[in-house]
Amino acid sequence: MDSAPGSFAQPDSFPAPFPFVLVLLRRMADHQPGLVEDALRELGFGRAVMREANRRWQAMQRSPRRRAAVARYRSVLGPPESTATRRIGDLTCEALSWSVPLWPDLRFEVLTAPNGAVWNEWLVRAPGAPGPRLRNAADLMPWSCTVDEVARAFAPARPMEGSAPTRWRLAFDAPEAENGELRHYVAEFTWGLLQRMEDVRPASPTA
């Protein structure tokens, strides 16, 4: 069976490098174990294989002879599907992206500084792929949208510190589907993909 970077193999012939999607799923299992179980069945892997993939990834990150961050991603994912130069304020960075099994309309994107340091690593919508229609709180289903899509749909949103390096939190106001009442939410994202949302309190009425 093909064992090229990013490819799949049966659990009894687990490849090196491993399918990186398993690392993404391991972090998401903390919030959405049911969705992760469904995804593992679709991919033909068990939880033990997912944990082993995550263990290998962590070992690569902590090794005293570890490669640069971008080199680690290339070793697991292979050559990027696309690269682009991007301006963020006064800074110029390089955006590398790879396709990801399970989510054909998304790409795994890594933003790097001119010195090669990784600024960000998350899932984003693929170029040309239609994003979800986010009109109210009912549209915000787990795994349906990315952090930047939610921030745009319900601006102004306020970024908050996540509970781990691969997690983001976003505070925003969104109307209820039933009556349009505006309420205040905090959503949590893992690798940039929506995992869960909490109704914190009613939003302050507009003057």
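Trainee: How many salt bridges does the count come to?
Mentor: The count comes to 15 salt bridges, a salt bridge being a side-chain nitrogen of Lys or Arg within 4 Å of a carboxyl oxygen of Asp or Glu. This is a predicted model, in which local features need pLDDT of at least 70 and side-chain atom pairs count only at pLDDT 80 or more, while totals for chains, interfaces and linings use all residues. Residues are numbered from 1 along each chain as its sequence is written, and side-chain values use heavy atoms, with hydrogens and water left out.

Trainee: Which residue forms a salt bridge with Arg 41?
Mentor: The partner of Arg 41 is Asp 38, with the closest N and O atoms 2.2 Å apart. The two are three residues apart in helix 2, which means that about one helical turn separates them. Helices (H or I, at least four residues) and strands (E, at least two) are DSSP runs, numbered from the N terminus.

Trainee: Is Arg 41 buried or exposed?
Mentor: Arg 41 is exposed, at a relative accessible area of 57%, whereas Asp 38 is partly exposed at 40%. Buried means under 20% relative accessible area, exposed over 50%, and partly exposed in between (1.4 Å probe, protein chains only).

Trainee: And what does Arg 55 meet in a salt bridge?
Mentor: Arg 55 meets Glu 52, at 2.8 Å from N to O. This pair is also three residues apart, in helix 3. Arg 55 is partly exposed at 48% relative accessibility, and Glu 52 is partly exposed at 24%.

Trainee: Where do Glu 149 and Arg 125 lie?
Mentor: Glu 149 belongs to helix 5 (residues 147–153) and Arg 125 to strand 4 (residues 118–125), so their pairing ties together parts that are 24 residues apart in sequence. Their salt bridge spans 2.7 Å from N to O, and Glu 149 is buried, at 7% relative accessibility.

Trainee: Changing topic, how many residues has the largest nonpolar core?
Mentor: That core has 32 residues, and Phe 20, Leu 25, Trp 103 and Phe 108 have the most contacts inside it. A nonpolar core is a set of buried Ala, Val, Leu, Ile, Met, Phe, Trp, Tyr and Cys residues joined through side-chain atoms within 4.5 Å.

Trainee: Which helix gives the most to this core?
Mentor: Helix 1 does, with six residues.

Trainee: What is Phe 20 in contact with, leaving aside its neighbours within four places in sequence?
Mentor: Its contacts (heavy atoms within 4.5 Å) are Trp 57, Tyr 73, Val 76, Leu 77, Phe 108 and Trp 191.
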